[in-house]
Amino acid sequence: MRESIVIVGSGMMGSGIGAMAALAGNPVILVDVSAERARQGFERALSCMALRRDNGLNTAEEAEAASARITVSADVEEAARSARMVVEAIAEDLGAKQEMFARLDRLLPETVPICSNTSGLQITRIAERCRHPERTLTTHFWLPAHLVPLVEVVMGEKTDEAVALDVMAELKKWKKSPVLVRRDLPGQLANRIFQAIIRESIAIVASGLASAEDVDTAISCGMAMRFPEWGPLKHLDAIGLPLGLAVQDSVLPSISGETQANDYLRRLIEEGHTGAAAGRGFYDWHSRSIERDMAKRDAFIIEAVKVTSRLDADGQRGETP
């Protein structure tokens, strides 16, 4: 009987995805290249569920029951025998993903969706060697997958829309907020928006208009405070499109329109300032802690999830006229 959600790749993303699938009541098989790697993925999944339990996103009973639903394997073929849906979360390498998809395509009945958690590759390319590309699609979970509700469901050139809609319905049972991306473009949906923000943020620092810390503060303490329940297009409707048009005509001519990465970013890399792991990037990490900042990020996400879940339950969020 095909009832399992199979996660191929049990690393940082795969373990979080597996945790959410199990919490939703599904039998889950975490598959990796070795039994030891899969076992490590299982321990990470338990940690993901414990974090949700400790912060009131799931009950202790739900977490305990979910942990019993997860099994591990180093055998893709064996795991595929009981799969009703597969999520691939292996290394971000096109050749490796193509090989895995071709293998899964041979092993699975054509009715079983095969999804990739790719953050940057196109599902059309990943599925090039599949006989049934109509059941292939991207399900891009946002890091951390056990906390952030967003999943971008991306249709490839040959994806059957009915399959994409079925996968979206499944993900909603996992307490996810899936969005349908109908064209297989670089950056999918959310990353296209995020890269525009990053482009202007770097340009501001490079021009001397503001420091990296002030740019991040302006975003974190300003627009980001509204984003969980107030997207930019809803904002335009609220202020009125004529005002939005006037602001665009005034501001857009002076912001970055570069189609390549900023030279300021290239210079930082050339100087060895490659980010937190190197001790310096836009910030000096010798006197800061990226681990502490990540913990603060997760704590904020947890509280935002609680608030938006409460609004959903009260019928105050996501209403459609």
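Me: Before we start, what counts as buried here?
Reply: Buried means under 20% relative accessible area. Bear in mind that this is a predicted model.

Me: OK. Histidine 146, buried or exposed?
Reply: Histidine 146 has 12% relative accessibility, so it counts as buried.

Me: Where is histidine 146 in the chain?
Reply: In the loop between S6 and strand S7, the latter being residues 150-155.

Me: And which residues is histidine 146 in contact with, leaving aside neighbours within four places in sequence?
Reply: Gly16, Met20, Cys48, Leu51, Arg52 and Lys176.

Me: Switching to the sheet. What is the strand order?
Reply: The order is S3-S2-S1-S4-S5-S6-S7-S8, eight strands in an open sheet with mixed pairing.

Me: Which strands stand at the edges?
Reply: Strand S3 (70-73) and strand S8 (177-181). Each has a single partner strand, so one side of each lacks a neighbour in the sheet.

Me: How are neighbouring strands turned against each other?
Reply: By 25 degrees on average, with direction ignored.

Me: In what sense do S1 and S4 pair?
Reply: Strand S1 (residues 4-8) and strand S4 (residues 83-88) pair in the parallel sense, over five bridges. Serine 4 is opposite alanine 83 in S4.

Me: What does H1 touch when it packs on the sheet?
Reply: H1 touches S1, strand S2 (28-31), S3, S4 and strand S6 (136-141). The direction of H1 makes about 170 degrees with that of S2.

Me: And H5, which strands does it lie across?
Reply: Helix H5 (residues 94-107) lies across S1, S4, strand S5 (114-116) and S6. H5 runs at about 165 degrees to S5.

Me: Now the largest nonpolar core. How many residues?
Reply: That core has 33 residues, and those with the most contacts inside it are Val28, Ile70, Met85, Phe141, Leu171 and Trp174. Helix H1 (residues 12-23) gives the most to this core, seven residues.

Me: What does the second core include?
Reply: The second core is separate, has 19 residues, and includes Val76, Ala83, Phe101 and Ile126.

Me: Last topic, H10 and H11. At what angle do their axes cross?
Reply: The axes of helix H10 (residues 232-239) and helix H11 (residues 241-251) cross at roughly 115 degrees and come within 6 Å. The two helices are therefore roughly perpendicular to each other.

Me: Which residues meet there?
Reply: Leu236, Asp237 and Ile239 in H10 meet Leu241, Leu243 and Gly244 in H11. By class, this contact has four nonpolar, one polar and one charged residues.

Note on methods: Residues numbered from 1 in each chain as written. Predicted model: local features only at pLDDT ≥ 70, side-chain atom pairs only at ≥ 80, totals over all residues. Heavy atoms only, no water. Core = buried A, V, L, I, M, F, W, Y, C linked by side-chain atoms within 4.5 Å. Buried < 20%, exposed > 50% of the residue type's maximum accessible area, 1.4 Å probe, protein only. Helix = DSSP H or I, 4+ residues; strand = E, 2+ residues; numbered from the N terminus. Axes fitted to C-alpha atoms, helices over the stretch in contact; angles between N-to-C directions. Parallel < 35°, antiparallel > 145°, perpendicular 65-115°, else oblique. Contact = heavy atoms within 4.5 Å. Nonpolar A, V, L, I, M, F, W, Y, C, P; charged D, E, K, R; others polar. Pairing = 2+ DSSP bridges.
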